[in-house]
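Welcome! Let's get to know this chain together, one question at a time.

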Amino acid sequence: MFWAALQIDETSFAIFDIFTNNAGREAHFAGQVAGLLNERAAELVAGGWDDGVVANVHNFDILAIK
């Protein structure tokens, strides 16, 4: 897995994750860090877990890496 934390502006941040397959992505969201974020999402993320975190997860296929 590869990940990077991004600062978009003064108050907006993002996390960019790359997984080798869907099983890796599913394991990540079932893991300890995701569980802790889920517990505190209401205070950390606008919209909480469902409307803030999950609603902003987007999946893409990587076409090339250099």
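Q: Which elements each supply at least two residues of the lining of the largest pocket?
A: Helices (H or I, at least four residues) and strands (E, at least two) are DSSP runs, numbered from the N terminus. With those names in hand, the elements that each give at least two residues to the lining of the largest pocket are strand S2 (13-18), helix H1 (22-29), helix H2 (32-44) and helix H3 (48-53).

Q: What kind of model is this, and how are its residues numbered?
A: Residues are numbered from 1 along each chain as its sequence is written, and side-chain values use heavy atoms, with hydrogens and water left out. Local features need pLDDT of at least 70, side-chain atom pairs count only at pLDDT 80 or more, and totals for chains, interfaces and linings use all residues, as this is a predicted model.

Q: What pattern does the chain follow along the sequence?
A: The chain has 3 helices and 2 strands. Read along the sequence, they give the pattern β-β-α-α-α.

Q: What volume does the largest pocket have?
A: On a 1 Å grid over the protein atoms alone, a pocket is an open set of points where a 1.4 Å probe fits, with protein on both sides within 12 Å along at least five of seven lines; lining residues have an atom within 4 Å of a point. Grid points are joined across faces, edges and corners, and a volume is the space filled by probe spheres set on the points. For the largest pocket, that volume is about 1300 Å³.

Q: Which residues of the lining lie nearest the centre of the largest pocket?
A: The lining of the largest pocket has 33 residues. Its largest share, 6 residues, comes from S2. Nearest the centre lie Ile15, Phe16, Asp17, Asn56 and Val57.

Q: How many residues of the lining of the largest pocket are charged?
A: Ala, Val, Leu, Ile, Met, Phe, Trp, Tyr, Cys and Pro count as nonpolar, Asp, Glu, Lys and Arg as charged, and the others, Gly among them, as polar. The lining divides into 20 nonpolar and 10 polar residues, while the charged ones number 3.

Q: In which sense do S1 and S2 pair?
A: Two strands pair if DSSP finds at least two bridges between them. S1 (residues 2-7) and S2 form a hairpin with 5 residues between them. Gln7 stands opposite Phe13 in S2, and Trp3 has Asp17 as its bridge partner there. Over 6 bridges, the pairing sense is antiparallel.

Q: Is Phe13 buried or exposed?
A: Phe13 lies in strand S2. Not counting residues up to four places away in sequence, Phe13 touches Leu6, Gln7 and Ile8, where contact means heavy atoms within 4.5 Å. Its relative accessibility is 56%, so Phe13 counts as exposed.

Q: Which residues is Phe19 in contact with, leaving aside its neighbours within four places in sequence?
A: Phe19 sits in the loop between S2 and H1. With a relative accessible area of 21%, Phe19 is partly exposed. Leaving aside neighbours within four places in sequence, Phe19 is in contact with Met1, Gly24, Arg25 and His28.

Q: How far apart in space are Glu39 and Phe16, C-alpha to C-alpha?
A: Glu39 is found in helix H2, where it counts as exposed at 63% relative accessibility. Glu39 and Phe16 are 23 residues apart in sequence, and their C-alpha to C-alpha distance is 21 Å.

Note on methods:
Buried means under 20% relative accessible area, exposed over 50%, partly exposed in between (1.4 Å probe, protein chains only).
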